[in-house]
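These are my notebook entries on a structure that I went through element by element. I wrote down what I looked up and in what order.

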Amino acid sequence: MASKNQIHVGPVAVGGGAPVAVQTMTKTETANLAATMAQIRTVADAGADIVRVAVPREQDAEALKTIVAQSPIPIIADIYFNHTLALKAIEAGAHCVRLNPGNIGGPEKVAEVIALAKAHGTPLRVGVNSGSLPKHLRELEYENPIEALVTAATETVELMERLQFENFKVSMKSTSVPNTIASNRLLSQRIPYPLHLGVTEAGTKWSGSLKSAVGLGTLLADGIGDTIRISLSTFHAEEEVKVAWEILKALKLRERGPDLIACPTCGRLQFDMDRVVIEVEQRLEAYEDPIEVSVLGCAVNGIGEARHADFGITGAKDMGMIYSKGEPLKKVPTEQLVDELFKEIDRYYAAGKTVQRDESAAAEARRWLEENEDATAMTPERIAALEAAAAENDASAAEVLESMLDGADQVDDGPGEPVGAPSGGDGAAAMDETVSPVAGRRFSRS
Ligand code: SF4
């Protein structure tokens, strides 16, 4: 359930239907102004909406004044144990202070922080962590860790409400993905406040990204979560931001920059797609528009499969195809595919986002495609369609394939029996070998 309440961290609205905000945390010593500001600018460029900085010492609280003044995005001061630092962070102008009321030194000190936060209009992020639940919940934690986490969070919320403070968001962190999902689902039904999501200590870039995508992605797909932070064991905080954006883009919750579609490749791959897809991804980083670009390994399948892509390339033999919205634009030698793709994209933007078509080049590309397309090749997609159609209609696989290849009767059926293998599993593989004259042909990586 989406949060009802909304707060503002600097100019960034959080909760109450606002777009899910991307957050990260600097990895520098906060008082090292040069290093901290450099990292804040890097994460802001990568798309962070909000950044948190650790404030464990007096000099870090002192540095906050300059950081807040110079930062292009709102700053959250991260405080543990020391309520004096929380007071100093608020006075330094931090846009938000994160603290755990359970470890800040008792109710009086929490009340002191709340009073100053109210006076300055500073929101707080209050939360609980599975690793530091209050003593009275330890037994419950053993029996029911999800209920223990949610109880700790609701007790924190009740404390805030007793102090007549509602300018806060809540986080509930666990290293367990299932517990993160279950506890946030439960908490979202019990409180109206914005929720910050994260899987704490998720791990390395690879495993941490996957855990976060599963945990946060599940909650976000349910409409739960107002800010997210991907915790990765890397000094490069911008990597956390990139992963957060990929999760939001995958769920179509927010748009930022191009969307790259790439096939997984298979035995029909006819060019060095590993290299090409990496190069396309890197070069797309220079574009801010949410343009969709596809890179697919073979012409037989590529154009149809990515007909929604704004631009795309497919490989085939020594030539490749550049197309837009399923229509060929031109054919180019494989080694020029990436450069020519970006020339077309740049022409599109130079013309005010209008695809520039050269009809003679497009006609030549279509002719070339007709001559070179392997219309009988059993692509994974064709096999799946064949199986589905055969299962649904109880038609013979041969009939289904015949209808799929309607209009491709100029193509030689190749050696052996034309079609007729049973659908599914080994049958489909056998059919592939029988029907397709290029079955098993591979791009050879030198
Ligand atoms: S058949 Fe599909 S997966 Fe295989 S190379 Fe062509 S587009 Fe990629």
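Helices and strands in these notes are DSSP runs numbered from the N terminus, with helices (H or I) of at least four residues and strands (E) of at least two. I am working from a predicted model, in which local features need pLDDT of at least 70 and side-chain atom pairs count only at pLDDT 80 or more, while totals for chains, interfaces and linings use all residues. Residues are numbered from 1 along each chain as its sequence is written, and side-chain values use heavy atoms, with hydrogens and water left out.

**Entry 1: Arg52**

I began with Arg52, which I located in strand E4 (residues 50-54). Is Arg52 buried or exposed? I take buried to mean under 20% relative accessible area, exposed over 50%, and partly exposed in between, with a 1.4 Å probe and protein chains only. Arg52 counts as buried because its relative accessibility is 2%.

I then looked for its polar partner, a polar contact being a pair of N or O atoms within 3.5 Å, where within protein one must be able to donate a hydrogen and the other to accept it, and residues adjacent in sequence count only if both atoms are side-chain atoms. The side chain of Arg52 makes such a contact with the side chain of Asp78, at 2.6 Å. For the wider surroundings I used contacts, meaning heavy atoms within 4.5 Å. Leaving aside residues up to four places away in sequence, Arg52 touches, among others, Thr24, Ile76, Asp78, Arg98, Arg125 and Arg229.

**Entry 2**

I count two strands as paired if DSSP finds at least two bridges between them. E5 and E6 pair in the parallel sense over 3 bridges, and the bridge partner of Ile76 in E6 is Cys96. E6 also pairs in the parallel sense with strand E7 (residues 124-129), again over 3 bridges, and here Arg98 stands opposite Arg125 in E7.

The chain crosses from E6 through helix H4 (residues 107-120) to E7 in a right-handed β-α-β crossover; right-handed means that, with the strands pointing away from the viewer, the path from the first strand over the helix to the second runs clockwise. E5, H3 and E6 likewise make a right-handed β-α-β unit.

Which residues of E6 lie on each of its faces? Cys96 and Arg98 are on one side and Val97 and Leu99 on the other, and all four are buried, which leaves both faces of this strand (residues 96-99) covered. In a regular strand the side chains alternate between the two faces of the sheet.

**Entry 3: the nonpolar cores**

I define a nonpolar core as a set of buried Ala, Val, Leu, Ile, Met, Phe, Trp, Tyr and Cys residues joined through side-chain atoms within 4.5 Å. The largest has 74 residues, and those with the most contacts inside it are Ile79, Val97, Phe168 and Val170. Helix H6 (residues 145-162) gives the most to this core, with 8 residues. A second, separate core of 22 residues includes Leu284, Val293, Leu329 and Leu337.

**Entry 4: loop residues**

Phe81 is in the loop between strand E5 (75-78) and helix H3 (83-91), and Phe81 counts as exposed because its relative accessibility is 58%. Lys325, in the loop between strand E14 (319-324) and strand E15 (327-333), also has a positive phi, of about 50 degrees, although it is not a glycine. Lys325 counts as partly exposed because its relative accessibility is 46%. Most residues other than glycine have a negative phi.

**Entry 5: totals**

Of its 446 residues, 51% count as buried. Among contacts between residues at least 6 apart in sequence, 64% join residues at least 24 apart.
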